[in-house]
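Dear colleague,

I am passing on the structure below, and would be glad if you could look through it before reading the notes that follow.

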There are 2 protein chains.
Amino acid sequence: MTQPSRLAIVPFVSVDSMMKLVLAVGVERFLTELVAYVEEDFLRWEAFDKTPRVASHSHDGVIELMPTSDGTLYGFKYVNGHPKNMREGRQTVTAFGVLADVGSGYPMLLTEMTMLTALRTAATSAVAAKYLAPKGARTMAIIGNGAQSEFQAVAFKAIVGIDTVRLYDIDRSASEKCARNLAGLGLETVICASGQEAVEGADIITTVTADKQYATILTDNMVGSGVHINAVGGDCPGKTELHRDILLRSDIFVEYPPQTRIEGEIQQLAPDHPVTELWQVMTGKAEGRTATKQITLFDSVGFATEDFSALRYVRDKLASTGFYEELDLLADPDEPRDLFGMLLRAAKS
Amino acid sequence: MTQPSRLAIVPFVSVDSMMKLVLAVGVERFLTELVAYVEEDFLRWEAFDKTPRVASHSHDGVIELMPTSDGTLYGFKYVNGHPKNMREGRQTVTAFGVLADVGSGYPMLLTEMTMLTALRTAATSAVAAKYLAPKGARTMAIIGNGAQSEFQAVAFKAIVGIDTVRLYDIDRSASEKCARNLAGLGLETVICASGQEAVEGADIITTVTADKQYATILTDNMVGSGVHINAVGGDCPGKTELHRDILLRSDIFVEYPPQTRIEGEIQQLAPDHPVTELWQVMTGKAEGRTATKQITLFDSVGFATEDFSALRYVRDKLASTGFYEELDLLADPDEPRDLFGMLLRAAKS
């Protein structure tokens with residue numbers, strides 16, 4: 001066979017390459033730089049083609065496609081959510097994504113996004129907290145100490161200035177894993193015996209549990225005035241983490257209302273319950289935190305533009321770091337109309 | 001870095017591997033076997049989750065995601081359509097696809113689909129003709145002799161028994177390319193100077209031109225009674241090939257009406273113009289060809305289930321042929337909740 005031409009090649013970032021990239025840049029710096037991309041895209045929110053994700057639900061989970069475009073670039077992510085996977089030694093969530101050129105329709109990047117989704121989710125939470133959390137916040141409770149927890153801790157240290165994380169998980173070994181992983185990264189970690197204990201003295205409460213069911217991770221009495229709640233785990237229909245009464249006491253901020261109404265904590269509320277879009281706070285079109293005693297709630301479900309930002313960031317890092325392979329993904333016959341001839345010639349070469 | 005585990009690996013079929021696979025099986029046998037998969041899935045049409053493709057339109061073209069699932073397997077295709085690409089030495093259409101396990105959400109196959117789409121489109125046309133074309137059809141006109149034309153010719157030889165193809169393209173060199181590629185494959189080829197000349201004596205007329213605009217490749221006077229029209233090229237909003245009068249004289253068969261109404265030849269007709277779904281003919285729920293003089297028209301736009309059939313077929317061929325690479329696409333930490341720890345450990349290995 002002859003070598004595929006340059007037009008046939010798409011850069012591919014494997015899990016191994018992604019880890020090398022993150023480590024080469026440094027986790028905290030990677031998150032900080034990624035936050036800048038996420039922020040930049042939220043600030044030009046109106047430039048994006050937005051649509052709720054395309055979900056295929058089944059008994060055990062969901063497979064989703066999340067596309068978006070800014071008119072110049074197009075990105076999509078494939079992501080599954082299967083809570084039972086953990087019991088079988090698999091990831092609950094795995095993902096990969098593609099960035100493409102709108103002008104030619106050609107893919108420009110194929111990358112693993114299991115690791116990258118964890119990073120972009122943490123980056124997005126940190127962006128929201130930058131605009132909504134109480135000034136001078138230093139302590140964050142993290143309830144649910146699974147795969148996402150450490151990324152949240154590091155992002156909040158880098159962007160918000162958090163210096164202490166109070167950890168709680170129904171499985172204490174998860175909290176111990178989280179504390180172990182965070183050792184040496186400049187954060188004080190406190191393992192707590194209950195959610196109630198974890199939220200004591202916390203300026204920010206992050207909930208990031210994984211069960212696909214209505215659960216009450218936070219009850220109303222656990223939430224004092226003035227805190228910022230970063231609700232990450234409730235992210236599909238039938239899955240919530242907060243007691244409804246907390247929502248009624250909070251000012252609620254969301255990514256994309258048509259999707260959050262279906263998937264977020266606010267699926268517990270009336271479909272016309274007032275919420276504010278995060279991008280409007282960021283651009284000054286709407287108010288964020290206006291009072292010390294106010295409870296702000298970022299009801300995060302993850303949106304396609306955040307993956308788009310992450311894809312853009314990784315693409316921009318490739319040339320200088322070189323952590324990618326070349327994938328012969330696109331047919332490129334010598335003559336575009338001659339796909340069949342390309343096949344015939346392959347037989348002879 | 002340590003080696004990724006088996007759970008992290010997804011088989012990848014590059015363009016080069018796909019060509020090796022097609023050549024190892026043989027083009028005609030590949031198409032014949034693929035037809036069996038396409039037919040099998042049309043026969044269990046009601047088992048599929050169906051949705052119109054998710055299209056992102058831009059000035060120069062479109063990028064689409066085409067997902068479907070039968071409840072056990074999930075498949076999607078990424079495909080672009082950019083007519084201007086040809087002038088820049090790129091393919092008008094490029095594609096890749098993924099087959100995944102619904103139970104775990106894990107991808108099982110990533111494959112190029114530029115070549116595979118050409119094969120599945122021809123296979124689908126042949127399946128439709130098997131049920132709709134006049135008995136004993138031997139001669140087919142092919143109007144538009146671009147990338148898809150040879151695949152159509154070989155599929156119709158294998159499945160319908162076509163022995164002569166009459167070729168016409170506004171660019172005669174395209175017809176010459178097509179005839180050259182088909183030499184030695186058991187088909188008589190006749191290059192014609194006009195569409196009118198091409199359809200003379202043809203039992204089947206295949207239209208497969210590429211311009212993204214309303215065009216009239218076939219006028220009413222060119223279509224005699226009794227023929228089967230295989231309209232492949234009109235496949236997006238604003239792109240059609242047949243004069244409306246032909247549609248009014250034909251019995252029209254389609255893949256998935258909600259998509260064909262938007263993208264097919266029938267976008268020229270009233271939204272309630274009667275059409276028959278191909279799967280209903282195949283399962284005996286509706287009549288196909290009932291009279292010798294009847295004009296049957298397969299208004300093909302390409303549907304997600306056909307890509308699903310092609311993905312299934314390629315997946316089933318992998319083990320025996322070995323034409324794939326292993327892609328480290330999925331993060332697989334030793335402990336599913338420990339994605340961050342996997343990253344930290346990668347730094348040490």
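Are α1(A) and α2(A) roughly parallel or roughly perpendicular to each other? This is a predicted model, in which local features need pLDDT of at least 70 and side-chain atom pairs count only at pLDDT 80 or more, whereas totals for chains, interfaces and linings use all residues. Residues are numbered from 1 along each chain as its sequence is written, chains are lettered from A and ligands numbered from 1 in the order in which they are written, and side-chain values use heavy atoms, with hydrogens and water left out.

To answer the question, α1(A) and α2(A) are roughly perpendicular to each other, a term that covers angles of 65 to 115 degrees. The axes of helix α1 (residues 15–25) and helix α2 (residues 27–43) of chain A cross at roughly 95° and come within 6 Å; axes are lines fitted to C-alpha atoms, for helices over the stretch in contact, and angles run from 0 to 180 degrees between N-to-C directions. Helices are DSSP runs of H or I with at least four residues, and strands are runs of E with at least two, numbered from the N terminus. On the α1(A) side, A:Leu21, A:Val22 and A:Val25 meet A:Val27, A:Arg29, A:Phe30 and A:Glu33 of α2(A), where contact means heavy atoms within 4.5 Å. By class, these residues are five nonpolar, no polar and two charged.

Between the chains, helix α4 (residues 149–160) of chain A packs against helix α11 (residues 339–348) of chain B at about 75°, with axes 7 Å apart, which makes α4(A) roughly perpendicular to α11(B). A:Glu150, A:Phe151 and A:Val154 make this contact with B:Leu339, B:Phe340 and B:Leu343.

A:Ser104, in the loop between β5 (95–101) and β6 (107–112) of chain A, has 3% relative accessibility and therefore counts as buried (under 20% relative accessible area, with a 1.4 Å probe and protein chains only). Leaving aside residues up to four places away in sequence, A:Ser104 touches B:Asn80, B:His82, B:Lys84, B:Asn85 and B:Arg90.

In chain B, 13 of the 18 residues of α10(B) are buried, so this helix is largely enclosed by the rest of the structure. After α10(B) comes B:Gly322, with a positive phi near 75°.

Finally, chain B can be laid on chain A with an RMSD of 0.0 Å by a turn of 180° and a shift of 0.0 Å along the axis, and the two copies are thus related as by a two-fold rotation axis; the superposition is by least squares on the C-alpha atoms of residues with pLDDT of at least 70 in both.

With best wishes

Notes. Angles under 35 degrees count as roughly parallel, over 145 as roughly antiparallel, 65 to 115 as roughly perpendicular and the rest as oblique. Buried means under 20% relative accessible area, exposed over 50%, partly exposed in between (1.4 Å probe, protein chains only). Ala, Val, Leu, Ile, Met, Phe, Trp, Tyr, Cys and Pro count as nonpolar, Asp, Glu, Lys and Arg as charged, and the others, Gly among them, as polar.
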